[in-house]
Amino acid sequence: MATFLYRLGRGAFRRRRFVALVWVALLFVAGFGAASASAPTSGSFSIPGTEAQKAFDLLDKRFPGMAADGATARIVIKAPAGEKVDSAAVKPQVEKIVSDLKDGPGKDQISSVTSPYEAKAVSQDGSTAYVSVKYKVSGMELTDDTRDALKESGSAAKADGLNVQIGGDALMAAPETGSGEIIGIAIAAIVLVITFGSLIAAGLPLLTALIGVGIGVSSITALANVLDLGSTTSTLAMMIGLAVGIDYALFIVSRYRAELAEGREREEAAGRAAGTAGSAVVFAGLTVVIALVGLAVVNIPMLTKMGFAAAGTVVIAVLVALTLVPAILGFAGKKVLPAGTKSRFLGKGKKAGEGADAKPNGGTRWARFVLRRPVMVLLAGVIGLGIIAVPASKLEMGLPDDGAQPVSTTQRQAYDLLSEGFGPGFNGPLMVVVDGDKALADKTVDRIKGLDGVAAVMPPAQNEAKDAAVITVVPKDRPSSAETEDLVHEIRAGSDSGKVLVTGATAMNIDFSQKMNDALLPYLALVVGLAFLLLMLVFRSVLVPLKAALGFLLSVVAALGAVVAVFQWGWLGSLFGVEQTGPIMSMMPIFMVGVVFGLAMDYEVFLVTRMREAYVHGERPGQAVVTGFQYSARVVVAAAVIMIAVFSGFIGASEQMVKMIGFGLAVAVFFDAFVVRMAIVPAVLALLGHKAWWLPKWLDRLLPNVDVEGESLRKHLGESADDSDGSDGPDKDRELVNA
């Protein structure tokens, strides 16, 4: 592989105009397709195999046109102190809200608007009422006119002194992107400039990453409606594509500059960078693809499509790093300086250490420190992450509702008004679907009324054929509470199998969380197992991949512990803008496993591959660890800081879910890069010595030789092991110590 990638890198450098033209053409075609395509919707959401989904499917058959999975809204009206909502002064204003919605913009998307006086949706004290609005389509598919009409529906009543707030998923909008990515890109640019000491070299990873992400996201947008991709798919692809795109280009450019510092010609340096660092990029990309494609294990179509789309963006990032980066390096020419040399603008053209005694760089010094005290470093890292991971044992999963919104939002205020006027259960009523006649429906109502967690049960509403009915059940507790979940299980446990089904947004959230929880271990086993085999091919070792997998699990569990402490328990919640504690989003564990695993293996492959390369070329185990850190630590640190910055940009979001994802991913990358890869990995390798690179002879014969360390490339170039970098040992600092 190394020889093939070497030729690919040299070819791209030599034919840079053609390569650049091809990528620009792809960007243009993808952009034109995205601009021509209609706006993506939320995509169809279903959870195959769950009772809530079976109930929705039954409703479509028995109640045609009901749009059971359509968006809903509740306009909550509270009268001024001392007045009631059914008074002569207030009632006309409430009725005007109803009529404006029925006859206003977006009425074609409305299924029904129910007056609180007809539905008896007035609180016992008469101070609060709510208007129920049902739409024919999901919240993501509502037009701007429809959503604006909903937002403006109570403006006149507000002006007259009424407190009018709006809740429900009808206000759900497609996630806005831009600020988080802009902050991340700005910080990435600063980190790259500091790392390379050159504006040109720093700009290359950003430019190529943006081209790759542009092609990937534009392609997803162009195909969104054809493949039924949700609007959130491009957000995930952008986040992952930007992360790995910068990382992979950073690895290639860094190795290119190191080869220049060794005295190579620029075309030769580009070829060697692609043949060595490029091999690491290929296998790092494969681990990310495995993690994303593995989301199919969950068996939720939306997640499967998101995973495949994001994996496609990662493949594009790998191809960009192997072809476009060498081509751009050819265009840059002498403006990309050898490692250890700063540009005239930033460093007056001096080499690091010039004019003073050359000193080992930070990576070398840290590696030597770990080699002297491996047991202490290992225990400190494992115990520290273990302590942080303790809260993960109390993890409670669920999906956020309007009660998790910031108190300043109208959704949260509507949620609170409903809780005060009617009880917290009114924010998440259950929909019980009865597949049978009126006798079965009445029997079901009587049984549900006898359950402890029920606040109210509405009379059954039958369909025209009188062979099915819908019963609305209001729990006593809020939708995301454990008590409401227990009530759902109680109703299901005492019902005739297949005849009485519980659904609705609350039940769907419970089933979704359970399905994600059940899929976590199979998904983890698949991803880690396949990656273990892949890393065994890369490192020709059993213990190194095992150490990589165990270290990753430790960092993810520690990150989950931090998420539980902040978002579920409220520790340091005010520091991160957490206004309401509650269950952790049910997608969080699997999402973190998939995303963080891919990024963690990037750092593992790039760092340890350089150690493996040095070891194969004759260095002692400890010496190889120092060499790996000498040449790779700074690049890995820069890549990790960039990713932490990108993810941290989402912590400031108003949405609790986005805030949680940003915090969780940023913390996970921090733990994995700085504690596991930078501390635990060298400590374990120091303790294992030669055993770290042990592979049974029979297994060595069975496994294909992918030659990531470039041994076949050296033979192809007529070099011996004695010509390799790092043969002089760790005590002799080389010219690149400050690279």
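**Overall fold and surface**

Among contacts in the protein chain (heavy atoms within 4.5 Å) between residues at least 6 apart in sequence, 79% join residues at least 24 apart. The model is predicted: local features need pLDDT of at least 70, side-chain atom pairs count only at pLDDT 80 or more, and totals for chains, interfaces and linings use all residues. Residues are numbered from 1 along each chain as its sequence is written, and side-chain values use heavy atoms, with hydrogens and water left out.

The protein chain has 24 helices and 11 strands, taken as DSSP runs numbered from the N terminus (helices H or I, at least four residues; strands E, at least two). Of its 739 residues, 56% are buried; buried means under 20% relative accessible area, exposed over 50%, and partly exposed in between (1.4 Å probe, protein chains only).

Patches are made of residues with over 30% relative accessible area and no salt bridge, joining nonpolar side chains (Val, Leu, Ile, Met, Phe, Trp, Tyr) within 5 Å and like charges within 9 Å. A salt bridge puts a side-chain nitrogen of Lys or Arg within 4 Å of a carboxyl oxygen of Asp or Glu.

Val375, Leu379, Ile383, Ile387 and Leu687 make a nonpolar surface patch of about 470 Å². Helix 14 (residues 374-389) gives the most to this patch, with four residues. Ile387 lies in helix 14 and is exposed, because its relative accessibility is 58%.

Definitions and conventions:
Accessible areas come from the Shrake-Rupley method with a 1.4 Å probe; for residues, only the protein chains shown count as cover.
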